[in-house]
Every structure is written in C-alpha cells, then in structure tokens.
Amino acid sequence: MATTYDFPSDLLAGQEELHQVRAELSALLKRLPWSVVPLDGFSDEAGWRKVERPASPGWTPDEQAEVEKLRQREHELAVFVTTHRFWVEVTQGERVQARMRLKHAHGDERDDT
C-alpha cells in the first residue's frame, strides 16, 4: 500500500500555485514570438532536420515584464516548496516519494469529486 502524507495546507497551496504559475508561463511562452528581440526569419536545411523560423517582431516591454514576473514567482514558489519545514519530518529515504505525492496531491483530490 502506498504511503500517505499529511501535507500542511500552506505546502499544498504553494504546490498548487506553482502548478498554476508554470501552466500560465508555458501558455504565455507558446503565444509569444520565438525571439525576445526582433530578428529576421531563417531556414536551415543543412542540419539533421530542417529548422525554419518566421521573422520575429520581438516581445513588447509588457510581455517581457509579464514573463519576468511569472518566472520570479515560479522561482519563489519552487524555493518555498522545496525548503518547507515539512521535509524535515520525512525520512531521507522517503523524500522523493513524498515529493512525487505532493506534486499530484491536488490532482488526486479533484479526481475524487
């Protein structure tokens, strides 16, 4: 039987926000042009696979600020989750398993409803 962990509510909330911030950042990066600065498009057929990119208008200052804000928040949350006092209570040999359970804790709760 799988071990269950009594994660503190602030740790669960931090992990959930981390998931949300990462999803938001990923979606934003997919919408933005491929280059932060304006660059001409290119085509490279000499490599092992063809690579093409259209011209990039670059990111606006607002887009750059939004990406930076999300990356900063992602970093803060990752540090919070990985250095949370809860991990001291988990034996060293079980920390990886506990960390994996935490990553999926909210998903498990949503599946039950």
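Author: Start with helices. They are DSSP runs of H or I, at least four residues, while strands are runs of E, at least two; both are numbered from the N terminus. Axes are lines fitted to C-alpha atoms, for helices over the stretch in contact, and angles run from 0 to 180 degrees between N-to-C directions. This is a predicted model: local features need pLDDT of at least 70, side-chain atom pairs count only at pLDDT 80 or more, and totals for chains, interfaces and linings use all residues. Residues are numbered from 1 along each chain as its sequence is written, and side-chain values use heavy atoms, without hydrogens and water.

Reader: How do helix H1 and helix H4 pack?

Author: H1 (residues 9-31) and H4 (residues 95-103) pack at an angle of about 65 degrees, and their axes are 9 Å apart.

Reader: Which residues in H1 meet H4?

Author: Contact means heavy atoms within 4.5 Å. Leu 11, Leu 12, Gln 15 and His 19 in H1 meet Arg 99, Leu 102 and Lys 103 in H4.

Reader: Why are the buried residues of H4 said to line one face of the helix?

Author: Buried means under 20% relative accessible area, with exposed over 50% and partly exposed in between (1.4 Å probe, protein chains only). In H4, Ala 98, Arg 99 and Leu 102 are buried. The arc is that of the directions from the helix axis to the C-beta atoms. Seen down the axis of H4, the buried residues fall within an arc of 100 degrees, so they line one face.

Reader: Why is Ser 56 called buried?

Author: Its relative accessible area is 5%, so Ser 56 is buried. Ser 56 sits in the loop between strand S2 (51-53) and helix H2 (61-82).

Reader: What lies 3.1 Å from a polar atom of the side chain of Ser 56?

Author: The backbone oxygen of Ser 35 does. A polar contact is a pair of N or O atoms within 3.5 Å; within protein, one must be able to donate a hydrogen and the other to accept it, and residues adjacent in sequence count only if both atoms are side-chain atoms. The backbone nitrogen of Gly 58 lies 3.2 Å from a polar atom of the Ser 56 side chain.

Reader: What makes a nonpolar core?

Author: Buried Ala, Val, Leu, Ile, Met, Phe, Trp, Tyr and Cys residues, joined through side-chain atoms within 4.5 Å. The largest has eleven residues, including Tyr 5, Phe 7, Trp 87 and Val 90. H1, helix H3 (86-89) and H4 each supply at least two residues of this core.
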